[in-house]
Amino acid sequence: MLEQRNLFTAFEGIAARMAEKPAVVAGDTVLTFRDLAARASAFAADLQANGVQHGERVAVVLPNGPEFLIAAYGIWKRGAILVPLHVLFRQQEILRYVAECDA
C-alpha cells in the first residue's frame, strides 16, 4: 500500500533536508525552508483556532510574495483548500467569488 502524502507533508520533508537553505528570496526578505515551514505551521494553527475545518475552502487575496506562500502552505497543512483571488479584484468581485466557491 502506498503511503498517502499531501503537498505539505512533501514540503516538510524537503524543509527538513534543506532547513537552512533559502526557500524564498523577495527583495531584502530571505526565508529559509525552516522559516517558511514554521510560519506556515503557525498559520495552520491559527486557521484551526479560528474554526477552519479539513476540506473547507479558504480565500486568499495577497500579492505574489512570501506571505502568499506562507498562507498557501498553511492552508494545505490544515487540510483546507486554497482559493487564490486576484489582488486587483474589487470588493464586489471578491464577495461574489467567495460566495460562489463557498470559501
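Predicted model: local features only at pLDDT ≥ 70, side-chain atom pairs only at ≥ 80, totals over all residues.
**Entry 1: a first glance and ground rules**

Residues are numbered from 1 along each chain as its sequence is written, and side-chain values use heavy atoms, with hydrogens and water left out.

**Entry 2: the overall layout**

I found four helices and four strands in the protein. Helices here are DSSP runs (H or I, at least four residues), as are strands (E, at least two), numbered from the N terminus. Read from the N terminus on, the order is α-β-β-α-β-α-β-α. The C-alpha trace spans about 45 × 45 × 25 Å along its principal axes.

I then checked burial, where buried means under 20% relative accessible area, exposed over 50%, and partly exposed in between (1.4 Å probe, protein chains only). Of the 103 residues in the protein, 29% are buried. For contacts I use heavy atoms within 4.5 Å. Among contacts with a separation of 6 or more, 59% join residues 24 or more positions apart.

**Entry 3: helix α2**

I turned to α2, residues 33-49. Its 17 residues reach 24 Å from first C-alpha to last, close to the 24 Å expected at 1.5 Å a residue; the expected span is 1.5 Å times one less than the number of residues. Phe-33, Leu-36, Ala-37, Ala-40, Ala-44 and Leu-47 are buried in α2. Seen down the axis of α2, these buried residues fall within an arc of 95°, so they line one face of the helix. The arc is taken from the directions from the helix axis to the C-beta atoms. I recall that an α-helix has 3.6 residues a turn, so residues three or four places apart point the same way.

What do the buried residues of α2 pack against? I found α1 (7-17), β1 (22-26), β2 (29-32) and α3 (66-78). After α2 comes Gly-51, with a positive phi near 85°.

α3 has 13 residues and reaches 18 Å between its end C-alphas, close to the 18 Å expected. Its buried residues are Pro-66, Phe-68, Ile-70, Ala-71, Ala-72, Tyr-73, Gly-74, Ile-75 and Arg-78. Their cover includes α1, β1, β2, α2, β3 (57-60) and β4 (81-84).

The axes of α1 and α3 come within 8 Å and cross at roughly 115°. Such axes are lines fitted to C-alpha atoms, for helices over the stretch in contact, with angles running from 0 to 180 degrees between N-to-C directions. On the α1 side I listed Leu-7, Phe-8, Phe-11 and Glu-12, and on the α3 side Tyr-73, Trp-76 and Lys-77.

At 46% relative accessibility, Leu-7 counts as partly exposed. Setting aside residues up to four places away in sequence, Leu-7 touches Tyr-73 and Trp-76. Leu-7 and Trp-76 are 69 residues apart in sequence, yet their C-alphas are 7.0 Å apart.

**Entry 4: the cores**

A nonpolar core is a set of buried Ala, Val, Leu, Ile, Met, Phe, Trp, Tyr and Cys residues joined through side-chain atoms within 4.5 Å. The largest has eleven residues: Phe-8, Phe-11, Ala-15, Val-24, Leu-31, Phe-33, Leu-36, Ala-37, Ala-40, Ile-70 and Tyr-73. α1, α2 and α3 each give two or more residues to this core, and α2 gives the most, with four. Apart from it lies another core of ten residues, including Val-60, Phe-68, Ala-71 and Leu-82.

I also checked Val-24: beyond its neighbours within four places in sequence, Val-24 is in contact with Thr-29, Val-30, Leu-31, Leu-36, Pro-66 and Leu-69.

Cys-101 sits in helix α4 (residues 91-101). Neighbours within four places aside, Cys-101 is in contact with Arg-57 and Val-83. The C-alpha atoms of Cys-101 and Ala-71, 30 residues apart along the chain, are separated by 18 Å.

Is Asp-102 buried or exposed? Asp-102, in the segment after α4, is exposed, with a relative accessible area of 58%. Its phi is near 60°, a positive value in a residue other than glycine.
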